[in-house]
Amino acid sequence: MSHSSHDMDMPDTVTAAEASHSGFLDGDYDDAAGYYTPGAPLVDSKAPDGPISERWQNRKFEARLVNPANRRKLSIIIVGTGLAGASAAATLGEAGYRVKSFCYQDSPRRAHSIAAQGGINAAKNYKEDGDSVHRLFYDTVKGGDYRSRESNVYRLAEVSTNIIDQCVAQGVPFAREYGGLLDNRSFGGVQVSRTFYARGQTGQQLLIGAYQALERQVAAGTVSMYTRHEMLELITIDGKARGIIARDMVTGEIETHLADVVVLASGGYGNVFYLSTNAMGCNVTAAWRAHRKGAYMANPCFTQIHPTCIPVSGEHQSKLTLMSESLRNDGRIWVPKNQADCEKDPRDIPEEDRDYFLERIYPSFGNLVPRDIASRAAKNMCDEGRGVGPEVEGVRRGVYLDFAAAIERLGRDGVEEKYDNLLDMYERITGENPYEVPMRIYPAVHYVMGGLWVDYDLQSTIPGLFVTGEANFSDHGANRLGASALMQGLADGYFVLPHTIRDYLADGPFEEIAEDHPAVVEARESVKGRIDHFLSVNGTRSVDSYHRELGNIMWEYCGMERTETGLKKAIDLIRGLKDDFYRNVKVLGSAETLNQSLEKAGRVADFFELGELMCIDALNRRESCGGHFRGESQTEDGEAMRHDEEYAYVAAWEWAGEDSIPVLHKEDLVYTAIEMKQRSYK
Ligand SMILES: Cc1cc2nc3c(=O)[nH]c(=O)nc-3n(C[C@H](O)[C@H](O)[C@H](O)COP(=O)(O)OP(=O)(O)OC[C@H]3O[C@@H](n4cnc5c(N)ncnc54)[C@H](O)[C@@H]3O)c2cc1C
């Protein structure tokens, strides 16, 4: 069995201009011509066929085994201790492999997964409301606007039920009904209740479960833990991933770690937008360094903008706060019908003067439409001048999320029981009491569906480099349904990777690598060179100010709505800003100590390159789908319009070198179990 990019044809060297003449590009007009080179089609050589419900069973059976005595001789590096990384490290450690686990926080438990509030999906059908593996599969493909892989999504739905059993066995305190059964609630984009939750702390409770499983392996000696270590480079030897270069963030030491296989579970890159609901430390460096070494980046422009966040309150903000989507179960979203009422106390606006716009436009799903749709509708209301809350840069960017009807129906106690920690958090941040005054919400960057391209085995285009969780281009297509990221991270780590990675490891034992191998030395020297450069520029602008400006560009031109003109402008602006950054950034301190400004400099440098690729990707996709809304591609009533003939593909981008434009490989999306339809939630 082969594991490599050799399974895929290597890129052509045709230029975009030549390609458009040769008819290689879709349609008559390619917005992104000149910004990329077309490459050969990409095929997932591990994609199974046969009946969809049997594919995963077959793959598991076909994947070769490694016997327990041999596992002890094989080593695995896992970067990331969020749900995806911790679950993988615990499982692979327990299986008997030698695992090294890395995170940049002071404890694995501080991974960003801890912030997840609302819940985790699983097709258990405990409510007997018509749910099934097939329905979760269907909802996820439809929710993702038919831009995800059928086989992967089916597998995800299939293993979702195992996750709940696993977590309950670990003692994760999921909410229960009065009689003791596990409770469920609904999330956007679906009409069944399949979301398991632990009040508004689902991520935290799941992470504690994964963390204790991980620590058990640390105690057993199968997993070595490296906290406060940041991976800054991937080591590849003979085209295969063989280790990482990491910086000890406390002492500044540059360390080499070698292994037989590397797993990236390094999370998402939403912070390229500067303002997002992600933890401040979330970044793209691990994935981007791998990209530069040959791992393709897939659908990088697919960003999720979450509809229920606390609105931006001023120009000096550095973080946005999510209000869980679960609030849309009971809260009603509205704006005043008349602009003149926007300044009024909402409690003084009578019912007949309120526009419950989601319920009006989408009567079947109402407030529970998927995130992309809810976000765009809120933006449209504010663009029409019917936004509420304080003006920021001359516009009111907020809509109401009102619990008055829920309090009337369930009583204050009933609402408190379900949502108290979320509502308390809102009050602490805004100073307004949501039990008395409607909350104000607005969309914000929250999650990225894009990420490193992986095959069905979760292996990237670099043999021996596997990618799990939010870091891979996930199973969510162009839009993720709520409560599906936790499901995917844990599916990857507990149930998928442990089966697929063994097929690669069965080729072991692998050649020993010495620390003075030229490729290792080269990787270490390049890390040192970058650090020296940042410290030596001694310019005048802080790293944060560059990051903020980059974020503004991304939000303005590659955010909720994208156009050809805007994206081209953004690419120019990013290139100019990046240039300035390398000449004028000021990084204080030294390399030998804790130096947050140095850490950020490396991350922001990678964000520049990622941001540019995101814009090129968005430019290439002249269709609206899910979280990617192209102004040029909408229906008469302003809904997203896909173009399946031209764009039913995964865009996998290959790094072509510092001064070259990226190469685009297209992986066709083929649906056999589901018919592609324009989405309707009306
Ligand atoms: C506020 C908020 C609420 C959310 N709520 C939900 C929800 O209710 N349901 C749901 O399904 N999803 C939710 N999501 C999405 C979900 O939380 C994430 O997609 C998911 O937790 C990502 O998990 P992960 O393991 O892939 O990455 P993370 O949890 O982000 O972990 C990344 C890990 O990688 C490490 N790392 C990264 N780079 C490096 C490096 N260079 N070197 C060393 N270590 C590195 C970090 O230290 C960390 O340990 C929410 C997201 C946000 C922002």
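This is a predicted model: local features need pLDDT of at least 70, side-chain atom pairs count only at pLDDT 80 or more; totals for chains, interfaces and linings use all residues.

By class, the shell around the ligand consists of 17 nonpolar, 17 polar and three charged residues. In total, 37 residues surround the ligand, and the closest are Gln105, Ser113, Gly118, Met231 and Glu470.

Which elements each supply at least two residues of that shell? They are helix H4, residues 83–95, strand E7, residues 229–237, strand E18, residues 439–448, and helix H12. Strand E7 gives the most, with three residues.

A polar backbone atom of Leu486 is 2.8 Å from an oxygen atom of the ligand. For Leu83, a backbone N or O atom lies 3.2 Å from a ligand oxygen atom. For Ala265, a backbone N or O atom is placed 3.4 Å from an oxygen atom of the ligand. How much of the ligand's accessible area does the protein cover? On its own the ligand has 1000 Å² of accessible area, and the protein covers 97% of it.

Helix H12 supplies part of this shell, and it also packs against another helix, H6. As a reminder, two packed helices are described by the angle between their axes and the distance between the axes. The axes of H6, residues 150–170, and H12, residues 485–505, come within 9 Å and cross at roughly 80 degrees. H6 is therefore roughly perpendicular to H12. On the H6 side, the contact includes Arg155, Leu156, Val159 and Ile163; on the H12 side, Met487, Leu490, Tyr494 and Phe495 are among the partners. Sorted by class, the contact of H6 with H12 has 10 nonpolar, five polar and one charged residues.

Helix H14, residues 543–558, and helix H15, residues 564–584, have axes that come within 9 Å and cross at roughly 175 degrees. The two are therefore roughly antiparallel to each other. Residues of H14 in this contact include Val543, Tyr546, Leu550 and Ile553, while H15 contributes, among others, Leu567, Ala570, Leu573 and Phe581. The residues of the contact of H14 with H15 divide into 13 nonpolar, two polar and three charged.

I close with two points of backbone geometry. Most residues other than glycine have a negative phi, and most peptide bonds are trans. Where does the model hold a cis peptide bond? The bond from Gly508 to Pro509 is cis, with omega near 0 degrees. Pro509 lies in the loop between H12 and helix H13, residues 518–537. Arg228, a residue other than glycine, has a positive phi, near 50 degrees. Arg228 sits in the loop between strand E6, residues 223–226, and E7, and E7 is the strand that gives the most to the shell around the ligand.

Notes
Residues are numbered from 1 along each chain as its sequence is written. Side-chain values use heavy atoms; hydrogens and water are left out. Axes are lines fitted to C-alpha atoms, for helices over the stretch in contact, and angles run from 0 to 180 degrees between N-to-C directions. Helices (H or I, at least four residues) and strands (E, at least two) are DSSP runs, numbered from the N terminus. Angles under 35 degrees count as roughly parallel, over 145 as roughly antiparallel, 65 to 115 as roughly perpendicular and the rest as oblique. Contact means heavy atoms within 4.5 Å. Ala, Val, Leu, Ile, Met, Phe, Trp, Tyr, Cys and Pro count as nonpolar, Asp, Glu, Lys and Arg as charged, and the others, Gly among them, as polar. A residue is near a molecule or strand if one of its heavy atoms lies within 4 Å of it. A polar contact is a pair of N or O atoms within 3.5 Å; within protein, one must be able to donate a hydrogen and the other to accept it, and residues adjacent in sequence count only if both atoms are side-chain atoms. Accessible areas come from the Shrake-Rupley method with a 1.4 Å probe; for residues, only the protein chains shown count as cover.
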